[in-house]
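Me: I have a structure open and want to talk it through. Can you go over the strands with me, then the overall picture?

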Amino acid sequence: MTVACEKKDGPSEPNKFDNVVIESQQLGVWRLLVASNKRMGLYRYYEEFQTSIPYMIRLFSDVHATAPRLFVLFVLFRIWGGFEEALFMHMTTRILRTIEFGLTRNQPFVREVLWAIGLRVFCSALIAYMGWVSDKLLKRLRSQITSHFDLYLMQARLRMDIPASLNAENKIEMSGDDAWSAFEDILEYCTSVIELLSQIFVIYSQARITGGLGFVLVCLMSPLYYELTSQRLWRKVCYAYVNNDAYLRIEALKSLASGKFREDILSNDLGAWVMEQYKVAREKLGDTSDEHPFTQFGEGDGFNSPLKRIMGTVLSDLPMAYCGFNAAFSPSRFSLASIAIMQSLSSNLRLSLESLLYRGERFRKSLDSIKKVYSVSKIQNKVDGGQAHYPPSEKTASQGMSFELRNLSFSYPGSKKTTNALDSINLKIPGGSVVVLVGSNGSGKSTIVRILSRLFAPTSGDFLIDSRPADDYDLADLRRASTLLSQDNSIYPLSFAENIGLGCLDLAGDMDMIEKAAEQGGAAGFISKLDTAYNTVLDPGCGIVSMNLQGNADHPLQKEVDKLPKETKISGGETQRLVAARSFMRLNSGKVKFIAVDEPSSALDAEGELQLFDRLLEAREGKTMVFVTHRFGHLTKYADMIICMKDGKIEETGSHDELMKREGEYAKLYNIQANAFMEVGKRPETC
Ligand SMILES: Nc1ncnc2c1ncn2[C@@H]1O[C@H](COP(=O)(O)OP(=O)(O)OP(=O)(O)O)[C@@H](O)[C@H]1O
């Protein structure tokens with residue numbers, strides 16, 4: 001069955017999948033779906049190639065700029081590689097002809113044969129040596145090129161802001177290896193072209209008197225026929241799934257007899273029932289094959305008919321038949337050696353053509369991956385930064401960052417919700433104030449914090465920092481002047497010392513500052529109990545790979561493996577303490593003017609949470625603080641302003657007393673928490 005690929009509505013932009021058709025077939029218990037490209041006209045190939053030329057030039061000049069000498073040598077070796085097969089063919093032919101010459105004259109010809117064999121052996125040795133050098137060059141060039149492109153892609157990832165990264169189209173899935181593979185595939189394709197042309201030249205020169213161009217064409221027919229008619233699964237995008245109910249039931253019943261279900265089945269005495277059901281399902285399945293679908297499809301088989309196979313095999317005998325006919329009609333032009341030579345040349349040529357066609361496919365894919373690699377530099381960020389420095393020179397050390405949100409709305413890029421995450425927010429946060437954001441789940445608290453931290457830009461409305469549009473400020477300056485401590489912060493795969501030190505790059509190596517920050521974050525206690533203390537890396541990621549070691553627990557090599565650094569486990573609360581220590585490191589730098597604290601204490605014990613908030617509040621001098629929390633009882637005492645959110649809007653603002661008097665949303669949330677600690681029966685009624 002064949003179905004055309006779905007097309008989107010709207011103006012038809014050229015889409016690389018326009019050309020795709022999906023074919024499906026049943027293979028035993030499997031349903032296999034294969035996507036194939038409709039055969040493209042030569043002009044489409046040419047067009048595709050033409051649009052890729054600038055990218056290829058860029059790739060080659062980048063590789064050249066990264067390692068100029070290695071690049072030139074590597075390219076020269078690849079060009080040489082293209083002639084190797086033709087050279088071999090020539091040498092082999094020479095030996096056969098020399099032997100034939102001697103045999104027909106019936107004279108000793110040791111010298112000539114030795115000379116021909118010597119030349120051939122020398123060529124083999126030379127080619128082997130060149131191959132060895134080429135492999136060495138390849139390893140060195142590969143490591144330089146992959147690291148160059150890994151760095152390039154890493155820069156692109158780090159440059160991308162959060163909203164841009166939410167766009168699925170901006171997902172960077174490539175690595176430096178892809179760029180290297182593209183470069184290698186292009187070169188290999190060129191090598192294959194040289195290889196084929198040089199072999200055609202050798203065949204043509206050998207076959208001038210015994211068939212010439214006709215023989216070359218006959219040699220090419222079989223591989224061309226295979227290429228045009230066969231379906232090779234490994235080149236295609238495909239997937240298969242089991243759609244046979246009997247087989248699915250058999251698998252389910254088999255799983256009941258093992259693993260996690262066994263205990264249940266035994267205790268409920270269901271063994272006999274499982275066996276009986278299994279037999280029924282097995283009978284239903286009959287002899288339907290459950291072999292792997294890709295094996296069933298088979299190389300060059302699948303959608304093809306047996307006739308095509310027979311044709312392909314017969315065509316591969318054509319060169320032999322061609323020689324035979326020619327010899328029959330004009331025996332003087334042929335000899336046994338010529339026929340043997342032609343047969344061997346034809347199979348070599350066939351292999352080369354097959355390799356060219358295979359590499360052609362990879363060549364096309366590599367053009368696509370180069371385009372992808374280079375297009376990452378075109379990804380547009382959504383949060384713009386300006387030129388103005390922050391903090392402005394007139395701002396004193398004791399002034400925190402102030403904010404103003406005017407009729408500000410925001411919805412997340414790609415969000416399926418019909419309502420905004422923030423809707424028409426009007427809010428002024430004076431510099432140096434302590435603000436507590438409360439509200440039910442999904443009311444928009446974290447989103448406000450993300451806007452204030454410039455992780456996202458508003459969809460509409462105005463956002464001012466220190467009375468100036470936020471876009472005016474240099475983004476790096478704003479990031480240095482603010483810190484966000486949230487439950488989403490994670491521990492980097494680095495040492496604990498670095499994890500804390502990176503809160504302030506300028507002081508990252510200062511152990512006294514790191515220990516102080518660990519103390520403030522409440523992490524010093526558990527770090528000191530680890531034998532590697534601040535040098536601990538949670539997961540050293542040794543990436544152990546082994547062979548035949550599994551299940552050999554007493555093997556001496558296993559003992560060596562046991563000596564390697566192991567993963568350290570810490571609790572959720574300890575993770576939050578470490579992350580908090582990083583924020584204190586940042587606060588201690590003296591440059592921070594705004595702290596956003598978004599539920600960083602969900603896993604902390606009550607004492608740990610109290611300590612964290614107290615220490616943060618101790619550092620409030622010269623900073624604006626915005627806390628998002630569901631457990632706000634302790635914080636509201638210190639809050640200059642409490643903002644209560646509901647459904648993306650500000651429901652009410654004020655001090656604790658004001659809001660309690662209003663008996664609105666805030667009072668309701670507060671009373672729910674307060675009541676939890678009162679004896680049943682003494683609880684006041686909540687609104
Ligand atoms: N990355 C995102 N992409 C799309 N929608 C999001 C994203 N993050 C949050 N939202 C949606 O935006 C709205 C506000 O979410 P936000 O995280 O700001 O709420 P919150 O008040 O902090 O909630 P909670 O108390 O559960 O942390 C919610 O409806 C949420 O589903």
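Me: In which sense do E13 and E14 pair, and over how many bridges?
Reply: This is a predicted model. In it, E13 and E14 are antiparallel, with five bridges between them.

Me: What sits between E13 and E14?
Reply: Two residues, and the two strands form a hairpin. Aspartate 647 lies in the turn and has a positive phi of about 50°.

Me: And E7 with E13, parallel or antiparallel?
Reply: Parallel, again by way of five bridges. Across that pairing, valine 438 is opposite cysteine 644 of E13.

Me: What is the strand order in the whole sheet?
Reply: The order is E10-E11-E12-E7-E13-E14, six strands in an open sheet with mixed pairing.

Me: Why do E10 and E14 each have a side without a neighbour in the sheet?
Reply: Strand E10 (482–486) and strand E14 (649–654) are at the edges and have a single partner strand each, so one side of each is left without a neighbour.

Me: How do E11 and E12 run?
Reply: E11 (residues 594–598) and E12 (residues 624–628) run parallel and are joined by five bridges. Alanine 596 has valine 626 in E12 as its bridge partner.

Me: Which strands does helix H14 touch?
Reply: H14 (residues 445–452) packs on the sheet and touches E7 (434–439), E10, E11, E12 and E13 (641–646). The direction of H14 makes about 155° with that of E12.

Me: And H20?
Reply: H20 (residues 572–587) also packs on the sheet, touching E10 and E11, and its direction is at about 165° to that of E10.

Me: Changing topic. What does UniProt list for residues 403–672?
Reply: The UniProt entry, which is unreviewed, gives "domain: ABC transporter" for that range. Over residues 403–672 the chain is 33% helix and 21% strand, with the end C-alpha atoms 31 Å apart.

Me: How many helices and strands in the protein?
Reply: 23 helices and 14 strands.

Me: What is the radius of gyration of the protein?
Reply: The protein has 37 Å, whereas a compact globule of 687 residues would be near 26 Å. The C-alpha trace spans about 120 × 75 × 65 Å along its principal axes.

Me: What share of the residues is buried?
Reply: Buried residues are 26% of the 687. On contacts, 74% of those with a separation of 6 or more are between residues 24 or more positions apart.

How values were computed
Residues numbered from 1 in each chain as written. Predicted model: local features only at pLDDT ≥ 70, side-chain atom pairs only at ≥ 80, totals over all residues. Pairing = 2+ DSSP bridges. Helix = DSSP H or I, 4+ residues; strand = E, 2+ residues; numbered from the N terminus. Contact = placed C-beta atoms within 7 Å. Axes fitted to C-alpha atoms, helices over the stretch in contact; angles between N-to-C directions. UniProt positions renumbered as here; feature names shortened; annotations may be inferred. Rg over C-alpha atoms; globule rule 2.2 N^0.38 Å. Buried ≥ 20, exposed ≤ 12 C-beta atoms within 10 Å, placed from the backbone.
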